[in-house]
Amino acid sequence: MARRRLLLLLKPFDVYPVAQSDCLSRITNPQILHYLENRQKVHKDAINFCQNILRQKPVEWKPTVRSNLSEPIRDVDLVVTVGGDGTLLQGSHFIDDSVPVLGVNSDPTQPEEVLDNILESQANPSKLTRISIHVNSEVLPTYALNDILTSHPCPAALSRLSFKIKKNDQPCSLLVHSRSSGPRVSTAAGSTAAMLSAGGFPMPILSQDLQYMVREPISPGNASSLMHGLIKSHQSMEATWLSKEGVI
C-alpha cells in the first residue's frame, strides 16, 4: 500500500519580532519581551509536537513555511497547518476539494492529539462549504473558506451596488440598490468571525448556506430587511458594482 503524503504548513517564526536582533533594540519593555519569547516558544513546541507524531507514523511528510507557497498544493493526502487562523486560511487558498486540511492551533497549543487520531483513522474530516466567486462570468481560482468582502479599496468608503438572489438563473428576490460600505458574504465556518462581530449570527458548521450582510447601508428604507439574510445552497447572489473602484 502506498505511503500517505503529508504537507506540514507552518506559520513563520519572523512574525515574532523578538527573533530579530534589530527589533530587540527597539523593544525595551521586559513584559513585552517575555510575552514574545513565550509565544515563539509555544509555537515552536507545537511544531515539534506535530513532527514527533509524524516521525512515528508510516507517512511521507515535509514542512514548509506558508510564505513560501506560490503554486497550488497537489500530490498530497493531507495538509496540516500549524499556526492560527491566518495559516489555515492561506493554506486553503492553495488547495481544492480533493485535499483535506487539518488546522493545529499553536497559540495556545491544544492537548488533544487530533493529528494522531486523524492518522490512525480514528477521526473523520468534516466537509465545509467554500464560496465560489465569478467576476464578469469568469470564475476566480481561489475559493473563500471564511468570507468575502467587496468594497472600495478603502473599505470604509462609500460604494454603490445592486444585488439580487437567484435560483436556477432566475431572480427569486427583489433587486436591491444600496449605498453602503459593501457586502460581506460568509460561509458557516466564517459566520463566527467578522460576520458575527458585525451583528450576524453563528451557523451550524456543516451548513451549506451562505450568510450575507450589507455593511453600513445609508437610508435603506423599505429594503432594510434585505440588507442581511441567507443565500441557500441552491441559490446564488448576483451583484452589479456601480462604483469606479472596487476590490474583492
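Is Glu216 buried or exposed? I looked this up first. The model is a predicted one, and in it Glu216 has 55% relative accessibility. I noted it as exposed, because the cut-off for that word is over 50%.

**Entry: Glu216, continued**

I then found where Glu216 sits, which is the loop between strand S12 (210–214) and strand S13 (228–231). I also checked its backbone. Glu216 is not a glycine, yet its phi is positive, about 50°.

**Entry: Asn136**

I turned to Asn136, another residue that has a positive phi of about 50° without being a glycine. I located Asn136 in the loop between strand S5 (134–135) and strand S6 (138–139). Its relative accessible area is 77%, so I wrote it down as exposed.

**Entry: Leu8**

Next I looked at Leu8, a residue of strand S1 (residues 4–10). Leu8 has 0% relative accessibility and therefore counts as buried. I asked which residues it touches, leaving out those up to four places away in sequence. The list for Leu8 is Cys50, Gln51, Leu54, Trp61, Lys62, Pro63, Thr64, Val80 and Val82. I also compared Leu8 with Leu78: they are 70 residues apart in sequence, and their C-alpha atoms are 8.7 Å apart in space.

**Entry: Thr81**

I went on to strand S3 (residues 78–83), where Thr81 is found. Thr81 counts as buried, because its relative accessibility is 1% and the cut-off for buried is under 20%. Setting aside residues up to four places away in sequence, I listed what Thr81 touches: Leu9, Thr87, Leu88, Val101, Leu102, Gly103 and Val104.

**Entry: the two domains**

I then looked at the protein chain as a whole. It is divided into domain 1 (5–119) and domain 2 (134–241). Taken over C-alpha atoms, the domain centres are 31 Å apart. How many residues of domain 1 are in contact with domain 2? I found 4, and they meet 4 residues of domain 2.

**Entry: the interface**

The size of an interface is often given as the accessible area lost when the parts come together. For domain 1 and domain 2 I noted about 340 Å² buried between them, with 69% of it on carbon and sulfur atoms. On the domain 1 side, Leu89, Ser92 and His93 lose the most area to domain 2, and together they make up 84% of what that side buries.

I looked for salt bridges across this interface and recorded 0. I also recorded 0 residue pairs in polar contact, with both residues required to be at pLDDT 80 or more.

Terms used
Residues numbered from 1 in each chain as written. Predicted model: local features only at pLDDT ≥ 70, side-chain atom pairs only at ≥ 80, totals over all residues. Heavy atoms only, no water. Domains from an automatic or database assignment. Contact = heavy atoms within 4.5 Å. Buried area = accessible area lost by both parts, 1.4 Å probe. Salt bridge = Lys/Arg side-chain N within 4 Å of Asp/Glu carboxyl O. Polar contact = N/O pair within 3.5 Å; in protein donor to acceptor, adjacent residues only side chain to side chain. Helix = DSSP H or I, 4+ residues; strand = E, 2+ residues; numbered from the N terminus. Buried < 20%, exposed > 50% of the residue type's maximum accessible area, 1.4 Å probe, protein only.
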